[in-house]
Amino acid sequence: MSKKLLKPRFDVCVIGGAGHVGLPLGVSFALAGKRTVLLDINEVSVASIMRGKFPFKEEKGDEHLKKALKQGTLTAVTGPADVISQSKVIVMVVGTPVDEYLNPHFGALERTLEKYLPHFRDGQVFMLRSTVFPGTAERIQSYFKKHRLTIGVAFCPERIVQGKAFKELKEMPQIISAFDKKTLSSVRALFSSISNSGVVEVEPVEAELAKLYSNAWRYITFAVVNQFYMMANDLGVDYTNIHKAMTLNYERNKNLPRPGFTAGPCLFKDTMQLAAFNHNRFFLGHSAMLINEGLPQYIMQHVSDRVGRDELKKKTIGILGMAFKADSDDHRDSLSFKLRKVASQHAREVLCHDYFLERDILSPLDEVLKKSHILIVATPHSEYKMLPKSALKGKVVIDIWNHLPSYT
């Protein structure tokens, strides 16, 4: 027999609250006056949060976190899990990744639900925040009904740019969905407390598709320009000039991105989830995957053709930037690591540098610049733009991002 929610201690509990999605959201709710608890198994991150220090790079993260802690509306715990049973709204930020066969994998979400099931109470709202396979919200609503729990399920997808969470949570309208009016009203009130742009109300499966479509659209767009770059490069033409010709004072092309590695924990994964949902008939998505995931191999083939295959075996390659995006400390699914693996098969030695990561494979920047015969800008961190010309003199520089325009 289920138990009812009585006199909740917290307004919001975020399961996975120490991560890139859960932490900024939880802090935002806390700053809006919502009694918020962050539940996460990462002891190091939770301890950092309680000291007022974001465990990853986030604009104004420490400032907002310290304010929320001082305000007394935020706490973070690794356990016990009974904080779930003391909360009105439970936010889950565990999504559905893809497995080695590029199909959605529900294991993490299912294990988390089973682990915390005894702590759920009738009358609560359960909100999914991370990207999920279409139909997952309905599946979870049925899961609670099967276990005789009267819990309203909502899906309200996160769609912020990593590192800009607080700004975008406030400025962007939030997509919300639920299976009943009461649950929808609860999540509407919750997000209205932190967003200046209101909410967009849709059905749960529409919200699930909207999130997947958004990421697939971006992934395909990047694939288009990467293909443009390859075509121009194969012809010996400077794509930078073409991009300028296409975009300068021309409104219809103003949003055309520049080429570069398209990586991170969302775009590729969500495009493949959409392909699986459409019975592997999402041909644009699969084509985009081949282009974007194949870019490291293309770059190395270009280097080999330029330097010479036999000569390349005597050279050292330096890779600048290992995070998946500029000025970030997140290396998840970064194509820089694929580039390193491919490069190690061609060159005598591969050295890597990043300003924001701490990994055993990284070398000091001075060493990379001194020893490398070939430099590849893999992640366009802002500070690389300040490299002196003398550091690049006499080297082959591959800069697909056009990040070092004055030196190439």
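**Entry 1: the sheet**

I began with strand β11 (residues 374-377), which runs parallel to β12 and is joined to β12 by three bridges. I took strands as DSSP runs of E of at least two residues and helices as runs of H or I of at least four, numbered from the N terminus. Within this pairing I looked up Ile 376, and its bridge partner in β12 is Ile 398.

The model is a predicted one, in which local features need pLDDT of at least 70 and side-chain atom pairs count only at pLDDT 80 or more, while totals for chains, interfaces and linings use all residues. Residues are numbered from 1 along each chain as its sequence is written, and side-chain values use heavy atoms, with hydrogens and water left out.

I then followed the whole sheet, which is open and has four strands in the order β10-β9-β11-β12, with parallel pairing. Two strands pair if DSSP finds at least two bridges between them. The edges are β10 (349-353) and β12 (396-398); each has a single partner strand, so one side of each lacks a neighbour in the sheet. From one strand to the next the twist averages 20°.

Helix α12 (residues 295-307) packs on this sheet and touches β9 (316-320), β11 and β12. Contact here means heavy atoms within 4.5 Å. The direction of α12 makes about 155° with that of β12. Axes are lines fitted to C-alpha atoms, for helices over the stretch in contact, and angles run from 0 to 180 degrees between N-to-C directions.

**Entry 2: α1 and α3**

I checked helix α1 (residues 22-31) against helix α3 (residues 61-71): their axes come within 9 Å and cross at roughly 45°. That makes α1 oblique to α3; angles under 35 degrees count as roughly parallel, over 145 as roughly antiparallel, 65 to 115 as roughly perpendicular and the rest as oblique. On the α1 side I found Val 27, Ala 30 and Leu 31, which meet His 64, Leu 65, Lys 67, Ala 68 and Gln 71 of α3.

**Entry 3: backbone checks**

I found a cis peptide bond from Gly 79 to Pro 80, with omega near 0°. Pro 80 sits in the loop between β3 (74-77) and β4 (87-92).

I noted Asp 333, not a glycine, with a positive phi near 55°. Asp 333 is in the loop between β9 and α14 (335-344), and counts as exposed at 53% relative accessibility. Buried means under 20% relative accessible area, exposed over 50%, and partly exposed in between (1.4 Å probe, protein chains only).

Asn 402 also is not a glycine and has a positive phi of about 55°. I placed Asn 402 in the segment after β12; at 22% relative accessibility, Asn 402 counts as partly exposed.
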